[in-house]
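Biologist: I am new to this one. Could you walk me through it?

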Amino acid sequence: MSTDESSSLTALLRAEQTRQAFRFFDETHAEVDDELIRICEIPAPPFREFARAAFVKQRFEQLGLIGVRADDEGNVIAERPGLSSGPRVIVSAHLDTVFPDGTDVHVRREGGRLSAPGISDNTCGIVSLITLARALATARVTTNGTIYFVATVGEEGEGNLRGVRRLFTDREFQSGVDAFISLDGPGVERITNRALGSRRYRVTISGPGGHSWGDFGIVNPVHALGRAIGRFAAYPAPLAPRTSYNVGIIEGGSSVNAVPESAAMVVDMRSLSSDEIDKLEAYLRRVVDIAVREENLQRSMSGTSLDYNLEQVGDRPSGETPADSKLVQTAIACSRALGIEPRLDCASTDSNIPISLGIPAITIGVGGISGNCHSLTEWYEPVGRELGLKRLLLVTLSLCGLAGELAAYSTTADD
């Protein structure tokens, strides 16, 4: 960060509007907890986030944001206009959880700890988005640039980042976005500036099916799938670039005494390198083909055979917002100004999409601590949450600039 930018951050910390917003964070712990619980208890299962989206839309309207709307994918979008045409900054958090319809999302208080599925990932991000808007309104902050508040759908699992993909096909956001900040989960140390690429496939093997006794000897999709999984699990994934794979779902069969008509698995492949993902995909295709051919050959006397199909159900691009970019350096400087020593990180988040489009983007935590993420015993404790909220405010205002001040962020600064 340059001397001028450092001076701007110092001035921002001393500004009365900033101090008022900081006081708001310090004095509203109980209110934010209550809203966190209220949002968490509105189910937001994959592809069915509409109830939680409706609540967030209502809150945006109550807070005086303008242009509040839901797009045709289900994202909720609102804006807080600045006095100038730019910079334009998107602050975003995803609405969805990994938990299906019918999951008990009642929040249990255990001392200072709040426990419920989805309480951390990503209810704490959504409540921080709302709390930022509340603080700006309470402190009567006026910015030079415009802040867009966006609650996205489809970040988790087979949602395949469908919300943020749709956002950046909107003509309004296809150009002229100066920065994208995604709020995802607890903590304050990580600044995710590298997008972890991933590819996901549903592999289905099909056959005639039959009776386990009367039709013994015909091809069995489960047997072939088992062979494929055994081979795939032996893939020598490199440590550098770090690469991973996982068979997360297995489906098939109807009865213990029936030869299944089909069997399927859903496979997740990730790497810091797109080349390694390509290699993993090629290996997956090869082992499935070998497994099916082996089963067909072994059972050829039965006159039956298997077919298979690989369907891509997820593809998240990789990329990076450079560590020396204005956005990352601003986030680092704002963190250190509050006594946080940040670390740069790589993960798969909503930021993957803007990063892949060349838009500066990062994902940050919003404070607090958590455990058992993506499980029914997930918990969140808002200890130190105000530090995460203050960092979020500082980053946002450093990018947009307080009215009458020059924004610390400029897309031309690196030119």
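Biologist: At what angle do α5 and helix α11 (residues 385-400) pack?

Modeller: A caution comes before the answer: this is a predicted model, where local features need pLDDT of at least 70, side-chain atom pairs count only at pLDDT 80 or more, and totals for chains, interfaces and linings use all residues. Residues are numbered from 1 along each chain as its sequence is written, and side-chain values use heavy atoms, with hydrogens and water left out. Helices (H or I, at least four residues) and strands (E, at least two) are DSSP runs, numbered from the N terminus; axes are lines fitted to C-alpha atoms, for helices over the stretch in contact, with angles from 0 to 180 degrees between N-to-C directions. The axes of α5 and α11 are 10 Å apart, and the packing angle is about 65°.

Biologist: How many charged residues has the contact of α5 with α11?

Modeller: Contact means heavy atoms within 4.5 Å. Ser 128, Thr 131, Leu 132 and Leu 136 of α5 meet α11 residues including Leu 389 and Thr 396. Ala, Val, Leu, Ile, Met, Phe, Trp, Tyr, Cys and Pro count as nonpolar, Asp, Glu, Lys and Arg as charged, and the others, Gly among them, as polar. By class there are 6 nonpolar, 3 polar and no charged residues.

Biologist: How does α4 run relative to α5: roughly parallel or roughly antiparallel?

Modeller: The axes of α4 (residues 50-62) and α5 (residues 119-138) come within 10 Å and cross at roughly 15°. Angles under 35 degrees count as roughly parallel, over 145 as roughly antiparallel, 65 to 115 as roughly perpendicular and the rest as oblique. That crossing therefore makes α4 roughly parallel to α5.

Biologist: Which residue in β14 is the bridge partner of Arg 202?

Modeller: Strands pair if DSSP finds at least two bridges between them. The open sheet has 4 strands in the order β11-β13-β9-β14, with antiparallel pairing. Its edge strands are β11 (243-252) and β14 (307-316). Strand β9 (residues 197-206) pairs with β14 over 9 bridges, and the partner of Arg 202 is Glu 311.

Biologist: Which helix lies across β9, β11, β13 and β14?

Modeller: Helix α7 (residues 221-232) packs on the sheet, touching β9, β11 and β13 (262-271). The helix across β9, β11, β13 and β14 runs at about 10° to β9: α8 (residues 274-298).

Biologist: How many aromatic pairs are there?

Modeller: Rings of Phe, Tyr and Trp (its six-membered ring) pair if their centres lie within 6.5 Å; planes under 30 degrees apart count as stacked, over 60 as edge-to-face and the rest as tilted. By this rule the count is 8.
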